[in-house]
Amino acid sequence: MLTRIDHVGIAVPSLSEAIPHYEEAFNLKCVHQETNERQGVREAMLLVHAGETGGSYVQLLEPLREDTPVGKFLAKRGPGIHHIAYGVDNIDAALASLTVAGFELINKTPVHGTSNSRIAFIHPRALGGVLTELVEAAAGH
Ligand code: V0V
Ligand code: CO
């Protein structure tokens, strides 16, 4: 079902500070930035590896407001790893099979993700405290 680790999502208070920090630490390049109103974040994608089945990235996440998933996370836990995202070829099929297996999905149908990907979250309660995202990249990504 899974094709790669697509990204590791990291909650940060400030993208403008975190982006150059990561770029300098690991010689990474920030290849995309986007505001996602529905998810309540501004995010930056730093390319780690451009693989055959799609890239792997560090995703830095700055909350748009306090009352958002990342805003609440920062207030409760402080900066750190927020979620892990796995690539899938067919997110509809992946969600159908997880539903049959009884996993608690936050998104029963895919929603808009970075660079026009289709994404869905699985509740951390269902996976040992790890917020998990599935990503079906847009064609050509
Ligand atoms: C909260 N909890 C987490 C967590 N956030 N556990 C692990 N990892 C996280 N990131 C735990 C928290 O410690 C509580 O545990 C419990 O969940 C309820 O916490 P809460 O603060 O009351 O939060 P809720 O219930 O309002 O919301 C938590 C969930 C929410 C996970 C349901 O954050 C959510 O819907 N997340 C999915 C959307 C998202 O994260 N979007 C931002 C990334 P105890 O105390 O009860 O044990 S957007 C993105 O990645 C994009 C756009 C992309 O990749 O393209
Ligand atoms: Co993500």
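Start on the outward face of helix α2: select Pro69, Ala75 and Lys76, which are exposed. The model you are viewing is predicted.

Now turn to the other side of α2. Select Val70, Gly71, Phe73 and Leu74, the buried residues of this helix, which spans residues 69-77. They sit on the same side of α2 because they cover an arc of only 165° around the axis. Next, show what covers them: the cover includes strands β1 (2-11), β3 (41-51), β4 (54-63) and β5 (80-88). Step off the end of the helix to Gly78, which follows α2 and has a positive phi, near 85°.

Next stop, the largest nonpolar core. Select Ile10, Val12, Leu15, Ala18, Ile19, Leu28, Ala44, Leu46, Val58 and Leu60; the core has 10 residues in all. Colour by element: α1 (15-26), β3 and β4 each give two or more residues to this core. The most come from α1, with 3 residues.

Stay in this core and pick Ile10. Setting aside neighbours within four places in sequence, Ile10 is in contact with Tyr22, Val58, Gln59, Leu60, Leu61, Gly80 and His82.

Finish on the surface. Select Phe103, Leu127 and Val130: they form a nonpolar patch with about 210 Å² of accessible area together. Zoom in on Val130, in the loop between β7 (118-122) and β8 (132-136).

Methods. Residues are numbered from 1 along each chain as its sequence is written. Chains are lettered from A and ligands numbered from 1 in the order in which they are written. This is a predicted model: local features need pLDDT of at least 70, side-chain atom pairs count only at pLDDT 80 or more; totals for chains, interfaces and linings use all residues. Side-chain values use heavy atoms; hydrogens and water are left out. Buried means under 20% relative accessible area, exposed over 50%, partly exposed in between (1.4 Å probe, protein chains only). Helices (H or I, at least four residues) and strands (E, at least two) are DSSP runs, numbered from the N terminus. The arc is that of the directions from the helix axis to the C-beta atoms. Contact means heavy atoms within 4.5 Å. Patches are made of residues with over 30% relative accessible area and no salt bridge: like charges are joined within 9 Å, nonpolar side chains (Val, Leu, Ile, Met, Phe, Trp, Tyr) within 5 Å. Accessible areas come from the Shrake-Rupley method with a 1.4 Å probe; for residues, only the protein chains shown count as cover. A salt bridge is a side-chain nitrogen of Lys or Arg within 4 Å of a carboxyl oxygen of Asp or Glu. A nonpolar core is a set of buried Ala, Val, Leu, Ile, Met, Phe, Trp, Tyr and Cys residues joined through side-chain atoms within 4.5 Å.
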